[in-house]
Amino acid sequence: MSLLSPQLIETGDLTIATLTGSRQERLFHAIRDKIVGSLWPMGGKLPSTRKLADELSLSRNTVTAAYEQLVAEGYIESRLGSGFYVSVDLPEHYLTAQPPRADRKPPAAAQALDLNAPFAPGVPDLAAFPAAKWQSLLQRHAGRQSLMGNQDLQGLAVLRQALSDYLATSRSVHCNPDRIIITAGAQQALSLALLATLRRDDRILMEQPGYTQMRKIIDWQGYQLQALSIQPYQGLDVHAVLSSESEALYLTPSNQYPMGTTLNTEQRLKLIDWAVQGKRWIIEDDYDSEFQFAHRPYTCLQGLAGQMGCDDQILYVGSFSKVMFNSLRLGYLVVPESLVERCLMIKDALTGDTQAHTQAALADFIQEGDLLRHIRKMRRLYKDKHHLMLDAISRFFGDQVEVISQPAGLHITLRWQGGISEDDWAQQAEAAGIMLRPMSYYEHPAHRTRDWQGAVLGFGNVASDAIDPLIARLATLFHRQL
Ligand SMILES: Cc1ncc(COP(=O)(O)O)c(C=O)c1O
């Protein structure tokens, strides 16, 4: 301890006005920020509680309580009969860090905001969801003791039965409840599918551009990604698959994500034959199959194969994120009987069972016809929004951008040549509070071959009357660069 008189801390710029919480909390944070930001030196003497209370027009009790908390957390120390002193000496590398600003949002909150910004891809119309009905279903099951203990790893039987009926009638999936595994979103279903079928270093064909989360799991697990280049309007090159020796193929055949192409029945049959003859796996992610606006959706590969009695090589993946809402985090995997046990063993090791009350509510939502009603209503709504998007894009951009995605799903995919780069446009849009996903987001850097710029605009959660002004704003940013 220094024998020299301690440096008196200057508190003239201390303010609690911009912070939130009680006065005591705000004062605690204001002082802590000064100390952590190294603006108040180690050993510096704080003003007495009475003096600071006068300076800040606070009660003395408030200041005393804030000081006590600072003492308790070790930021300052109390020396008997002498006063309070800064007792934190931060290591050098903290001293160069930016002092935290009172108004800076915590990273998690900032991220949540961005994820749901206008045009964020993959967010359905949340305002149109029948929330009151859903709430009553949750309440119906909330107090059920039988749902509180450990549950069936595979998912509630009642949900698997409801889902099996729904998938058979609406998507012609060839299944029964014993072949369905309820998962935490399609993402968990995809992880299980990979882990159950492939070994490290096995090859898997995947569309490029394609679903980024799937690419991450493939890389993470050490499988070899073999890129299948998706060209605008043409979609997947089936011949490239037929000549491949890969152990597996992952695809989004209903509405290729994000290029918005689809595979016809003839192409689907060829892929099934490739898998069956070579004993290879197909992981079918039936993404966006519910929202086709121009034609009836094609029968899924799994269902086609099932009709021919050869669906042993196909794993079918679906999600409730787009037909209900994202944070529900429920999806499913339909597997050949031979894989059920293995998938359950893996699910057991990874996460154990799935939250039961929401499963029970979902089973009722399906059985009582609410899911189908909601999907029908949303199909009409998204079709209208899609039309509004096309109309606005054509008025504000003319022929400077081209819509390459089919009329389906919750997003529109654009391409253009010359003018602003997709990354610059995305950055400028973000600064304006709009999410514009550049095409590069969906590509593995090692497999980038495009000579055009592209971006994805999700319109699911954008109100119909907001489409025009938002597209106009994007067009202003785009044209600034021409
Ligand atoms: C291609 C694709 N598959 C599946 C999903 C759904 O995943 P989850 O059910 O985990 O939300 C998404 C979500 O964006 C997707 O883009």
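The questions and answers below walk through a predicted model of one protein.

Me: How many helices and strands does the protein have?
Reply: In this predicted model, the C-alpha atoms fill a box of roughly 90 × 65 × 45 Å, taken along the principal axes. Of the 482 residues of the protein, 50% count as buried. The secondary structure of the protein comes to 17 helices and 13 strands.

Me: What distance separates the centres of domain 1 and domain 2?
Reply: The protein is divided into domain 1 (23-104), domain 2 (115-124 + 374-480) and domain 3 (131-372). Taken over C-alpha atoms, the distance between the centres of domain 1 and domain 2 is 48 Å.

Me: Which element gives the largest share of the lining of the largest pocket?
Reply: The largest pocket has a volume of about 850 Å³, and its lining is made up of 38 residues, of which Gly-122, Tyr-211, Gln-213, Lys-322 and Asn-326 lie nearest its centre. At least two residues of the lining are supplied by each of helix H5 (107-115), helix H7 (157-171), helix H8 (185-197), helix H9 (212-221) and strand E8 (314-319). The largest share, 4 residues, comes from E8.

Me: From which domains does the lining of the largest pocket draw at least three residues each?
Reply: By residue type, the lining of the largest pocket divides into 17 nonpolar, 12 polar and 9 charged residues. By domain, at least three residues of this lining are drawn from each of domain 2 (115-124 + 374-480) and domain 3 (131-372).

Me: How many residues apart in sequence are the parts tied together by the pair of Trp-134 and Phe-365?
Reply: A search of the whole structure finds 18 aromatic pairs, and one of them joins Trp-134 and Phe-365 edge-to-face, at 5.8 Å centre to centre with 85° between the planes. Trp-134 lies in helix H6 (residues 131-142) and Phe-365 in helix H14 (residues 356-367), so the pair ties together parts that are 231 residues apart in sequence.

Me: Is Phe-365 buried or exposed?
Reply: A residue is called buried when its relative accessible area is under 20%. Trp-134, the partner of Phe-365, has a relative accessible area of 7% and is therefore buried. Because the relative accessibility of Phe-365 is 0%, Phe-365 also counts as buried.

Me: Which helix holds Trp-425, the partner of Phe-397?
Reply: Phe-397 and Trp-425 form an edge-to-face aromatic pair, with 5.8 Å centre to centre and 65° between the planes. Phe-397 is buried at a relative accessible area of 4%, and Trp-425 counts as buried at 0% relative accessibility. The pair links distant parts of the chain, 28 residues apart, with Phe-397 in helix H15 (residues 370-397) and Trp-425 in helix H16 (residues 422-431).

Me: Over the ring of which residue does the charged end of Arg-79 sit?
Reply: Arg-450 lies over the face of Trp-452, at 5.1 Å from the ring centre. The charged end of Arg-79, for its part, sits 3.7 Å from the centre of the ring of Tyr-85.

Me: Which residue is joined to Pro-258 by a cis peptide bond?
Reply: Most peptide bonds are trans. Pro-258 lies in the loop between strand E6 (248-251) and helix H11 (265-278). With omega about 10°, the residue joined to Pro-258 by a cis peptide bond is Tyr-257.

Me: Is Lys-279 buried or exposed?
Reply: Lys-279 lies in the loop between H11 and E7, and it has a positive phi of about 50° although it is not a glycine. The word exposed applies when the relative accessible area is over 50%. Since the relative accessible area of Lys-279 is 62%, Lys-279 is exposed.

Terms used. Residues numbered from 1 in each chain as written. Predicted model: local features only at pLDDT ≥ 70, side-chain atom pairs only at ≥ 80, totals over all residues. Heavy atoms only, no water. Phe/Tyr/Trp six-rings, centres within 6.5 Å; stacked < 30°, edge-to-face > 60°. Buried < 20%, exposed > 50% of the residue type's maximum accessible area, 1.4 Å probe, protein only. Lys NZ or Arg CZ within 6 Å of the ring centre and 35° of its normal. Domains from an automatic or database assignment. 1 Å grid on protein atoms, 1.4 Å probe; cavity = no way out; pocket = protein on both sides within 12 Å on 5 of 7 lines; lining within 4 Å. Points joined across faces, edges and corners; volume = space filled by probe spheres on them. Nonpolar A, V, L, I, M, F, W, Y, C, P; charged D, E, K, R; others polar.
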